[in-house]
Amino acid sequence: GMKRTLSAKEVAEGLGVSERTIYRHIKAGKLDAVRPGRAYVITRQDLAGYLDGMDRVEAIFGETGRETG
C-alpha cells in the first residue's frame, strides 16, 4: 500500500517547494514531524493538518488505501 510516512524531501518534491522551506515550517511549528534519528519523518496525518485536509494529501501523495464507505 501507500507509505504512511514521508521524508522532508518527498514532501518538498510533492509540494513543489525546497527542503529548506519544509524544515523551516517544521521548526516554526507549522508542520508536525518526528525525528527518530537523523532525518525528520512526516506522517500523512501531520500533512493533513499542514495542508488543511487529507483530501489534499491524497490528491498530491496518493490514496492511503483505507476502506471507503
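This report walks through the fold, the helix packing and a few side-chain pairs of one protein.

## Model and conventions

This is a predicted model, in which local features need pLDDT of at least 70 and side-chain atom pairs count only at pLDDT 80 or more, while totals for chains, interfaces and linings use all residues. Residues are numbered from 1 along each chain as its sequence is written, and side-chain values use heavy atoms, with hydrogens and water left out.

## Overall fold

The protein has four helices and two strands. Both kinds of element are DSSP runs, numbered from the N terminus: helices are H or I with at least four residues, strands are E with at least two. Along the sequence the pattern reads β-α-α-β-α-α.

Of the 69 residues, 30% count as buried. Buried means under 20% relative accessible area, exposed means over 50%, and partly exposed lies in between (1.4 Å probe, protein chains only). The protein exposes about 4800 Å². Carbon and sulfur atoms supply 47% of that area. These areas come from the Shrake-Rupley method with a 1.4 Å probe; for residues, only the protein chains shown count as cover.

Contact means heavy atoms within 4.5 Å. Among contacts with a separation of 6 or more, 40% join residues 24 or more positions apart.

## Helix H1

H1 spans residues 8–15. Its buried residues are Ala8, Val11 and Ala12. They sit on the same side of H1, because they cover an arc of only 100° around the axis. The arc is that of the directions from the helix axis to the C-beta atoms. The cover over these residues includes strand E1 (5–7), H2, E2, H3 and helix H4 (54–61). Just after H1, Gly16 takes a positive phi of about 70°.

Side chains of opposite charge can pair when their charged atoms come close. A search of the whole structure finds one salt bridge, defined as a side-chain nitrogen of Lys or Arg within 4 Å of a carboxyl oxygen of Asp or Glu. Glu13 forms it with Lys9, and the closest N and O atoms are 3.8 Å apart. The two residues are four apart in helix H1, so about one helical turn separates them. Glu13 counts as exposed, at 57% relative accessibility. Lys9 is partly exposed, at 46%.

## Helix H2

H2 covers residues 19–28, and Thr21, Ile22, His25 and Ile26 are buried in it. Their arc around the axis is only 140°, which puts them on the same side of H2. On the other side, Arg20, Lys27 and Ala28 are exposed. The buried residues of H2 pack against helix H1, strand E2 (41–43) and helix H3 (44–50). Just after H2, Gly29 takes a positive phi of about 85°.

His25 has a relative accessible area of 17%. Leaving aside neighbours within four places in sequence, His25 is in contact with Lys30, Leu31 and Tyr50.

## The aromatic pair

A search of the whole structure finds one aromatic pair. The rings of Tyr23 and Tyr40 have their centres 5.8 Å apart and their planes at 45°, so the pair is tilted. The cut-offs cover rings of Phe, Tyr and Trp (its six-membered ring): centres must lie within 6.5 Å, planes under 30 degrees apart count as stacked, over 60 as edge-to-face and the rest as tilted. Tyr23 lies in helix H2 and Tyr40 in the loop between H2 and E2, so the pair ties together parts that are 17 residues apart in sequence.

Tyr23 counts as partly exposed, at 29% relative accessibility. Tyr40 counts as buried, at 16%. Arg35 lies over the face of Tyr40, at 4.8 Å from the ring centre. A charge sits over a ring if NZ of Lys or CZ of Arg is within 6 Å of the ring centre and within 35 degrees of the ring normal.

## Ala48 in helix H3

Ala48 lies in helix H3. Ala48 is buried, with a relative accessible area of 10%. Leaving aside neighbours within four places in sequence, Ala48 is in contact with Gly53, Met54 and Val57. The C-alpha atoms of Ala48 and Leu31 are separated by 9.5 Å, and these residues are 17 apart along the chain.
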